[in-house]
Amino acid sequence: MAVEETEKKKSKESKEQQEIELHRNDLGLEDSPSSPRGVLRIAIMASDTDNTSSNYSSCSSCSSEDKPFSNTRSKNVSSASHGLPWNKMIESIKKKSIRRFTVIPLLASYELTRKNLRRKQPKLSPSENGFSCEGFFMAKPSWRNFTYEELAAATDDFDPENMIGKGGHAEVYRGVLADGETVAIKKLMNHAKEEEERVSDFLSELGIIAHVNHPNAARLRGFSCDRGLHFVLEYSPHGSLASMLFGSDECLEWKIRYKVALGIADGLSYLHNACPRRMIHRDIKASNILLSREYEAQISDFGLAKWLPENWAHHVVFPIEGTFGYMAPEYFIHGIVDEKIDVFAFGVLLLEIITSRRAVDTASRQSIVAWAKPFLEKNSVEDIVDPRLGKEFDQTEMKRVMLTASMCIHHIATMRPDMTTVLQLLRGEDKPSELQKNQGERAVSVNACDLQDHTSSSYLNELIRHRKLLME
Ligand SMILES: Nc1ncnc2c1ncn2[C@@H]1O[C@H](COP(=O)(O)OP(=O)(O)OP(=O)(O)O)[C@@H](O)[C@H]1O
């Protein structure tokens, strides 16, 4: 009996292992150059070649030898946690991170075998300026590995005076590097998560942010694993959109608000459609939108971002992480993740931009969506607009933003426009036939939340209504 049980357990474990292996491959989590971790490895190689002075353990993660996680020549690297070898660290976190990634392959025809997946992986051959990736060229990363001493020198030993932000997972410091560049140094906090999990999250976020290359997404300058985990990011002098909308007595002028809205839409459209891999941000909110010197919006904090395989309509995740008030119903009820959850969050963000009200009102606990819906239905600008703006806004732009918001916050995912359409709506370039075509191009998400039948004609009717309201 006991032997039988052990055999059963073994076979279950081996099945589970096979499943994990399959999902790992499907998701590109194999140690391929296009996976988040793969990117990290490439970047290490690349940054190593032009950054020999930083004495990073040469291609430590690619080597079969166990090499130290942090800078080996650093005097201060001594604790066990800092000395953990890359290989062991990465191997040990793989299984864990994959287990957390609950995936439901929805398409019966989705049969990506390991073999054809491998064929799809770009073959990388390092060259002087970058990597040729079968048909496209990846520029050599401009970012590098920093020592703790460099970060400490930049921030006056992480002086609290230099702290410019604090989120749930990190403290962010302003720092000036030796070459004079001002950067933001995001120091991940030690609390809450176990080390393996923190390292896993760090590597995923690093891999993702390293892929992203768009004027409306935060730019990585480098990272450091020396005495803690750090991201070094381009500094955004105006801080976050949240601080501009809710934390300042000054009223943010409409021109900037509109520019920011367009920038976020452009950045999201890039993440969903033009990024090397289809990416869902999962935590679009005002405090994750940073503002450059010219008030260019920069989408930041890729801590929850997920790759999504091209042929999958969506996947299901657990646990459900994100920010209350911005979460689409199908996500917080069922954990369903696809582009449309970012579209919903963007709709909430548009409402915040229009009103300067928070996604959830702290006193009344009312969501901005519930509050705004009746006004959006009436197309009533004066009821909804931030009263501090007075009449200082462009009526047409305001109506476009309102109507786009109302479409983005639709409770049925398939009725929300995609980000390409959103951009067209915001710019006033919408032509129903064009929009309908765009909508049909992407796989339609399955909506497990609502059993109503939503055809493309009801979507078209929404667009027609939209146009009519704009003409009013
Ligand atoms: N590059 C930057 N330039 C200027 N300020 C920044 C920068 N990055 C972050 N900040 C500030 O630090 C705050 C916290 O950063 P961030 O959201 O990345 O931390 P987090 O712990 O990941 O947050 P969350 O609680 O959403 O997980 C931001 O809201 C912003 O005010």
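These exercises look at one chain, with a worked solution after each task.

The model is predicted: local features need pLDDT of at least 70, side-chain atom pairs count only at pLDDT 80 or more, and totals for chains, interfaces and linings use all residues. Residues are numbered from 1 along each chain as its sequence is written.

**Exercise 1. The whole chain**

Task: how many helices and strands does the chain have, and what percentage of its residues is buried?

Solution.
- Helices (H or I, at least four residues) and strands (E, at least two) are DSSP runs, numbered from the N terminus.
- The chain has 16 helices and 15 strands.
- A residue is buried if 20 or more other C-beta atoms lie within 10 Å of its own, exposed if 12 or fewer, and partly exposed in between; C-beta atoms are placed from the backbone.
- Of the 472 residues, 39% are buried.

**Exercise 2. Helix α10**

Task: what span should helix α10 have, and what is the distance between its end C-alpha atoms? How many of its residues are buried?

Solution.
- The expected span is 1.5 Å times one less than the number of residues.
- Helix α10 covers residues 339–355, which is 17 residues, so it should span 24 Å.
- Its end C-alpha atoms are 25 Å apart, which agrees.
- In α10, 17 of the 17 residues are buried, so the helix is largely enclosed by the rest of the structure.

**Exercise 3. The nonpolar core**

Task: which residues have the most contacts inside the largest nonpolar core?

Solution.
- A nonpolar core is a set of buried Ala, Val, Leu, Ile, Met, Phe, Trp, Tyr and Cys residues joined through C-beta atoms within 7 Å.
- The largest one has 87 residues, and Ile-264, Phe-346, Val-348 and Leu-350 have the most contacts inside it.
- Helix α10 gives the largest share of this core, 11 residues.
- In soluble globular proteins, nonpolar side chains tend to be buried together.
- Two residues are in contact if their C-beta atoms, placed from the backbone, lie within 7 Å.
- Beyond its neighbours within four places in sequence, Ile-264 is in contact with residues including Asn-216, Ile-289, Phe-346 and Leu-349.

**Exercise 4. Two helices side by side**

Task: at what angle do α8 and α10 pack, and how far apart are their axes?

Solution.
- Axes are lines fitted to C-alpha atoms, for helices over the stretch in contact, and angles run from 0 to 180 degrees between N-to-C directions.
- Helix α8 (residues 254–274) packs against α10 at about 175°, with the axes 11 Å apart.
- Angles under 35 degrees count as roughly parallel, over 145 as roughly antiparallel, 65 to 115 as roughly perpendicular and the rest as oblique.
- Therefore α8 and α10 are roughly antiparallel.
- Ile-264 and Leu-268 are among the α8 residues at this contact, and Phe-346 and Leu-350 are among those of α10.
- The contact residues divide into nine nonpolar, one polar and three charged.
- Here Ala, Val, Leu, Ile, Met, Phe, Trp, Tyr, Cys and Pro count as nonpolar, Asp, Glu, Lys and Arg as charged, and the others, Gly among them, as polar.

**Exercise 5. Positive phi**

Task: is Arg-282 buried or exposed, and where does it lie? Then place Ser-356.

Solution.
- Most residues other than glycine have a negative phi.
- Arg-282 has a positive phi of about 75° although it is not a glycine.
- Arg-282 lies in the loop between β10 (279–280) and β11 (289–291).
- With 23 other C-beta atoms within 10 Å, Arg-282 is buried.
- Ser-356 follows α10 and has a positive phi near 60°.
- Ser-356 sits in the loop between α10 and α11 (368–378).
- With 18 other C-beta atoms within 10 Å, Ser-356 is partly exposed.
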